[in-house]
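Subject: Structure for you to look at

Hi,

Here is the structure I promised to pass on. Please open it beside this note, then read on for what turned up.

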Amino acid sequence: MTLSIFDIFKIGIGPSSSHTVGPMWAGHRFLSDLREKGLLDTIASVRVGLYGSLALTGVGHGTDKATLLGLAGYRPDTMNPDEADKVYEHIKASGKLNLAGEREIDYNYDTQMIFHYGETLPEHPNAMRIYASDANGIVVYYKTYLSVGGGFVVCADEFNDKDKQNGTEAPVSGVPTVPYPFKNAAEMLDLCQKHNLTIAELALENEKALAGGDIELVYQRIDAIWDVMRNCIDRGMKMEGILPVSGIKRRASMTHKTLMANPEAMLTDHFVIMDWVTLFAMAVNEENACGGRVVTAPTNGAAGVIPAVIAYYTRFTKGADQKGVRDFLATAGAIGMLYKMNASISGAEAGCQAEVGSACSMAAGALAAVLGGNIHQVENAAEIGMEHNLGMTCDPIAGLVQVPCIERNGMAAIKAITATRMALRGDGSHEVSLDSVIETMYRTGLDIQAKYRETSLGGLAVYAKKQQVA
């Protein structure tokens with residue numbers, strides 16, 4: 001099954017696609033199931049169990065809040081981020097959960113939101129169970145959900161079905177057949193060569209088919225994705241104050257002011273462009289850390305890399321235009337599909353290489369494409385982008401998407417640009433294929449000890465705890 005680029009790029013809220021966006025969809029999907037089965041009117045209580053990484057770093061990622069918002073009928077792509085905390089705190093304070101405005105039930109957060117810190121379900125490290133009971137306390141319906149990365153959610157009984165696992169956040173039926181299906185990079189490149197298409201053109205033809213032949217609708221949706229990314233950069237560069245929970249000072253605003261105060265510095269220090277790119281990425285991820293509106297690219301934890309590199313393209317390269325931005329996102333989306341279909345984009349499953357590494361690879365390949373690279377140079381750039389992120393662990397301090405995540409996005413954006421420039425200096429021939437590095441990333445991720453995969457039980461997270469005790 002070939003995914004859509006809109007499966008890879010989803011509009012949502014921070015701070016995490018797998019721990020916030022996914023669980024909100026799970027709550028919303030559970031509510032829909034109750035409605036469809038005619039059970040909603042019989043429900044007197046709902047209980048949530050969080051397992052593995054969703055338990056260990058759930059509070060820092062807002063998993064509990066997101067799940068309750070989903071059960072209350074909210075969706076991550078449409079909810080106003082500024083209302084999220086208010087709704088959540090009202091549920092906890094009032095002891096009432098309004099199921100999408102259709103039924104109000106009693107809800108005790110302390111006894112009905114359960115963190116199973118020492119237990120991981122066998123299917124996936126990001127797992128949750130939701131139970132609905134009637135007035136007699138009898139469970140009338142329950143479901144196990146797996147948040148498999150990038151906002152994708154599947155039921156446990158769907159996990160071994162790759163088509164369903166690679167589907168959207170909710171079941172889709174009657175999906176049209178795409179003209180250029182591919183399962184890996186080799187197939188994608190073969191199709192491009194056979195039909196004389198760029199990767200962007202191939203991806204857009206597939207999207208056109210999925211949109212019922214309406215390419216303008218596809219363009220509108222791509223433009224909407226870039227609008228959210230661009231607005232997130234702009235907002236992040238303006239906002240001041242501190243990040244939630246940690247109290248760490250936001251840095252993007254001060255960096256922006258410093259750069260704006262001395263624009264002529266670029267004439268004498270060409271590395272100032274790197275400062276701008278880093279700023280763009282950090283601005284997005286500070287917004288993500290504050291629960292703002294972001295785009296999974298391919299995840300929230302890596303949300304700053306692709307917007308930063310697109311901003312580099314639009315602001316600092318000659319000939320940048322709207323078509324280029326569309327081609328960039330189409331190319332990046334196609335590369336992102338390869339990681340989702342053949343490896344993982346979940347930090348809890350394969351470490352940060354699966355998130356920031358994938359984003360770096362997507363951005364590098366896409367930038368090479370819009371700067372005139374052929375399909376082999378694009379593949380080379382994408383391969384370089386991942387090759388030099390292999391082995392990257394996910395060890396967020398305090399379970400927050402802040403340290404090292406925010407700086408890491410800035411570093412990856414710069415690395416993506418470097419990978420592009422290396423690839424464009426060559427003729428497209430290279431030793432390691434993109435498919436090989438994707439497989440290597442996944443195998444490396446499975447070899448990484450669980451404590452280094454989004455649990456806050458190892459690495460920098462433990463070091464920080466030791467420092468606090470000292």
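Which residues in helix 5 are buried? They are Thr-63, Asp-64, Lys-65, Ala-66, Thr-67, Leu-68, Leu-69, Gly-70 and Leu-71. Helix 5 spans residues 63-71, so by the cut-off of under 20% relative accessible area, nine of its nine residues are buried. Just after helix 5 comes Gly-73, with a positive phi of about 100 degrees. Keep in mind that this is a predicted model.

The cores

The largest nonpolar core holds 105 residues. Those with the most contacts inside it are Phe-9, Phe-182, Met-229, Ile-306, Phe-328, Leu-329 and Tyr-339. Helix 16 (residues 322-342) gives the most to this core: 11 residues. A second core of 40 residues is separate. Among its members are Trp-25, Ala-72, Tyr-109 and Ala-132.

Take a look at Phe-328. Leaving aside neighbours within four places in sequence, Phe-328 is in contact with Ile-306, Val-309 and Ile-310, and also with Ala-363, Ala-366, Leu-367 and Val-370.

The annotated domain

An unreviewed UniProt entry carries the annotation "domain: Serine dehydratase-like alpha subunit" for residues 194-461. In the model, residues 194-461 are 64% helix and 1% strand. The end C-alpha atoms of that stretch are 49 Å apart.

Side chains of opposite charge can pair when their charged atoms come close. The count here comes to 18 salt bridges. Three of them involve the loop between helix 11 and helix 12.

Start with Lys-257 and Glu-240. Their closest N and O atoms are 2.4 Å apart. Lys-257 lies in helix 12 (residues 252-261), while Glu-240 lies in the loop between helix 11 (215-238) and helix 12, so the pair ties together parts that are 17 residues apart in sequence. Lys-257 counts as partly exposed, at 42% relative accessibility.

Next, Glu-286 and Arg-250 form a salt bridge at 3.7 Å, N to O. This pair links distant parts of the chain, 36 residues apart: Glu-286 sits in helix 14 (residues 272-289) and Arg-250 in the loop between helix 11 and helix 12. Are these two residues buried or exposed? Both Glu-286 and Arg-250 are buried.

Then there is Arg-251 with Glu-407, at 2.9 Å, N to O. Arg-251 is partly exposed, with a relative accessible area of 40%. Glu-407 is also partly exposed, at 44%.

Salt bridges with shared partners join Arg-235, Arg-250, Glu-286 and Glu-287.

The hairpin

Strand 3 (residues 96-99) and strand 4 (residues 103-106) run antiparallel, joined by four bridges. Leu-97 stands opposite Ile-105 in strand 4. The two strands form a hairpin with three residues between them. Ala-100, in the turn, has a positive phi of about 55 degrees.

Which way do the side chains of strand 3 point? They alternate. Leu-97 and Leu-99 point to one face and are buried.

Best wishes

Methods: Residues are numbered from 1 along each chain as its sequence is written. This is a predicted model: local features need pLDDT of at least 70, side-chain atom pairs count only at pLDDT 80 or more; totals for chains, interfaces and linings use all residues. Side-chain values use heavy atoms; hydrogens and water are left out. A nonpolar core is a set of buried Ala, Val, Leu, Ile, Met, Phe, Trp, Tyr and Cys residues joined through side-chain atoms within 4.5 Å. Buried means under 20% relative accessible area, exposed over 50%, partly exposed in between (1.4 Å probe, protein chains only). Contact means heavy atoms within 4.5 Å. UniProt positions are given in the numbering used here, feature names are shortened, and annotations may be inferred rather than shown by experiment. A salt bridge is a side-chain nitrogen of Lys or Arg within 4 Å of a carboxyl oxygen of Asp or Glu. Two strands pair if DSSP finds at least two bridges between them.
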